[in-house]
Amino acid sequence: MFFLLFGIRTRDHLVDTRVMTCEICGWTAPSARFARTTKFTLFFVPLFPVAPKKFLLRCGHCMGLRTVQDLPAYV
Ligand SMILES: [Zn+2]
């Protein structure tokens, strides 16, 4: 009997951190920018991306998460 294990895996990788004003809560707090990639996996080995890379910005105060294209200007 042969099993074919395949699926999709999403990972977030830390790009950088900055102190900036959050657009959700309005506090000035450290924010982390993540790059989110989604890849097709075969036998738990990621092979190729199946979705475009997205950048996410997480506020260190409210933990609000939002999608950004480019990092906003440094405050
Ligand atoms: Zn916030």
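Here is a quick briefing on the fold, the hairpins and a few loop residues of this chain.

This is a predicted model, so keep the ground rules in mind: local features need pLDDT of at least 70, side-chain atom pairs count only at pLDDT 80 or more, and totals for chains, interfaces and linings use all residues. Residues are numbered from 1 along each chain as its sequence is written. In terms of secondary structure, the chain has 0 helices and 5 strands. Both are DSSP runs numbered from the N terminus, with helices being H or I of at least four residues and strands being E of at least two.

**Overall shape**

- Reading from the N terminus, the elements go β-β-β-β-β.
- Along the principal axes, the C-alpha atoms fill a box of roughly 60 × 20 × 15 Å.
- The chain's radius of gyration is 16 Å, whereas a compact globule of 75 residues would come in near 11 Å. That radius is taken over C-alpha atoms, and the globule rule is 2.2 Å times the number of residues to the power 0.38.
- Buried residues account for 5% of the 75 residues. Here, buried is 20 or more other C-beta atoms within 10 Å of a residue's own, exposed is 12 or fewer, and partly exposed is in between, with C-beta atoms placed from the backbone.
- Of the contacts between residues at least 6 apart in sequence, 48% join residues at least 24 apart. A contact has the two C-beta atoms, placed from the backbone, within 7 Å.

- Strand S2 (residues 28–42) pairs with S3 in the antiparallel sense over 4 bridges. Two strands pair if DSSP finds at least two bridges between them.
- S3 is hardly covered, with 0 buried residues among its 5.
- The hairpin has 2 residues between the strands. Phe 43 sits in this loop between S2 and S3, and its phi is positive, near 55 degrees, even though the residue is not glycine.
- Phe 43 counts as exposed because it has 10 C-beta neighbours inside 10 Å.

- S4 and strand S5 (residues 65–68) run antiparallel and are joined by 4 bridges.
- Leu 56 stands opposite Thr 67 in S5.
- This hairpin has 5 residues between the strands. Met 63 is in that loop and has a positive phi of about 60 degrees, though it is not a glycine.
- For background, most residues other than glycine have a negative phi.
- Met 63 is exposed because it has 10 C-beta neighbours inside 10 Å.
- Gly 60 is also found in the loop between S4 and S5. Gly 60 is partly exposed because 16 other C-beta atoms lie within 10 Å.
- Leaving out residues up to four places away in sequence, Gly 60 touches Ala 29, Pro 30, Ser 31 and Ala 32.
- Gly 60 and Thr 38 are 22 residues apart along the chain, and their C-alpha atoms are separated by 24 Å.

**Val 50, between S3 and S4**

- Val 50 lies in the loop between strand S3 (45–49) and strand S4 (54–59).
- Val 50 is partly exposed because 13 other C-beta atoms lie within 10 Å.
- Neighbours within four places in sequence aside, Val 50 is in contact with Ile 8, Thr 38, Lys 39 and Phe 40.
- From Val 50 to Thr 21 is 29 residues in sequence and 33 Å in space, C-alpha to C-alpha.
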